[in-house]
Amino acid sequence: MPLKVLVTAQMPEQWFDPLKRAGHDIVLGKGLLDHDELVEAAREIDAIVSVLTDPIDAAVLESGARGSLRVVGNIAVGYDNIDVRRAAELGISVCNTPGVLDAATADVAMFLILACTRRASAAEYALRSGAWTGWGLTNLLGSDLEGSTLGLVGYGRIARAVERRANGFSMRVLHHTRHDSGQSGYVADLDELMTESDVISVHVPLTPETLGMIDARRLRLMRRGGVVVNTARGGVVDEDALAGALESGELASAGLDVYVGEPHVAARLLATPNLVLLPHIGSATWGTRSKMALLACEDVCRVLEGRTPKNPIHA
Ligand code: GLV
């Protein structure tokens, strides 16, 4: 009997080719499903290929477990949208897509670092709004990357890809993780990383431990004129504290690709000066997104065939 796989997001057909080749019945989500629709759909299927906006919480998983749901393959490296502990209790496998989005996401982090330090948004706005009246010796001055210090919060694959890019810009790169990386540039104390860095780039998953990790107190530790960039998850940085630090001029600039409560972006952030805002496009290239989708589908197939997935999440 063919197995039923719910693919929640719309995507080019070749991206879910592994499911077709395996002969599975594919149920395509019509646009993004809301929570109730997911609960309903989960009852009827054997697997879900999800995206990071799908709330795969206990209710969805329990509904699936009453039927025959065996695996959720999330097309994302982050999996804070999935209750992985409940999935494990119910014997439902969860997989993600690490490794294939490092370069694309690191590019966006580097782009934000450059946009912040060289005031790209303010400069473009000046030009488009007619405020630019000509070249000026002291107009729109930013800060140099060369010789400045980048502090990476987290030191996984994406952070290391950012480090490689920052080395090319002659930055000094430090990093902080909970466990000693054994690599040069390791800083055991996050507070010290904040104090030492001109630019902070966030690369940790959102967990109860990292929620609000970059808070008002830590932002105050940075040098005046510092820059904060977040391409990980919105909740890791306290958005109000960040807005406050930009409003008071303690921070020169910040760049965000991720937000608390996406796609809603807090009105205060929209009104904050010197803040570069992107709509969660870290991995958004054709090549990267197709690799992510294929990886998730391949792992779903593996689990449905009773094999071990390549990228299992352990609760
Ligand atoms: C993107 O945010 C991802 O987690 O893959």
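Which residue meets Asp299 in a salt bridge between side chains? The partner is Arg302, with a nitrogen-to-oxygen distance of 2.8 Å; a salt bridge is here a side-chain nitrogen of Lys or Arg within 4 Å of a carboxyl oxygen of Asp or Glu. Helices (H or I, at least four residues) and strands (E, at least two) are DSSP runs, numbered from the N terminus.

The structure is a predicted model, in which local features need pLDDT of at least 70 and side-chain atom pairs count only at pLDDT 80 or more, while totals for chains, interfaces and linings use all residues. Residues are numbered from 1 along each chain as its sequence is written, and side-chain values use heavy atoms, with hydrogens and water left out.

Across the whole structure, 16 salt bridges were found. One of them joins the side chains of Glu62 and Arg86 at 2.6 Å, N to O. Because Glu62 belongs to helix α3 (residues 58–66) and Arg86 to helix α4 (residues 84–90), this pair ties together parts that are 24 residues apart in sequence. Glu62 is partly exposed at 27% relative accessible area, and Arg86 is partly exposed at 24%. A network of salt bridges links Glu62, Arg86 and Glu89.

A further salt bridge connects the side chains of Asp80 and Arg233 (2.9 Å, N to O). This pair links distant parts of the chain, 153 residues apart: Asp80 lies in the loop between β4 (71–74) and α4, and Arg233 in the loop between β9 (226–230) and α10 (239–247). Asp80 is partly exposed, with a relative accessible area of 39%, whereas Arg233 is buried at 13%.

Arg233 also belongs to the surroundings of the ligand, together with Leu52, Ala76, Val77, Gly78, Leu101, His280 and Met292; a residue is taken as near a molecule or strand if one of its heavy atoms lies within 4 Å of it. This shell consists of 5 nonpolar, 2 polar and 1 charged residues. In this division, Ala, Val, Leu, Ile, Met, Phe, Trp, Tyr, Cys and Pro count as nonpolar, Asp, Glu, Lys and Arg as charged, and the others, Gly among them, as polar.

A polar side-chain atom of Arg233 lies 2.7 Å from a ligand oxygen, and a polar backbone atom of Val77 is 2.8 Å from a ligand oxygen. For His280, an N or O atom of the side chain is 2.7 Å from an oxygen atom of the ligand. The protein covers 91% of the 190 Å² of accessible area that the ligand has on its own. Such areas come from the Shrake-Rupley method with a 1.4 Å probe; for residues, only the protein chains shown count as cover.

His280 is placed in the loop between β11 (275–277) and α12, and its phi is near 45 degrees, a positive value in a residue other than glycine. Ser170, likewise not a glycine, has a positive phi of about 60 degrees. Ser170 occupies the loop between α7 (157–168) and β7 (172–176). The peptide bond from Glu262 to Pro263 is cis, with omega near 10 degrees.

Technical notes. A polar contact is a pair of N or O atoms within 3.5 Å; within protein, one must be able to donate a hydrogen and the other to accept it, and residues adjacent in sequence count only if both atoms are side-chain atoms. Buried means under 20% relative accessible area, exposed over 50%, partly exposed in between (1.4 Å probe, protein chains only).
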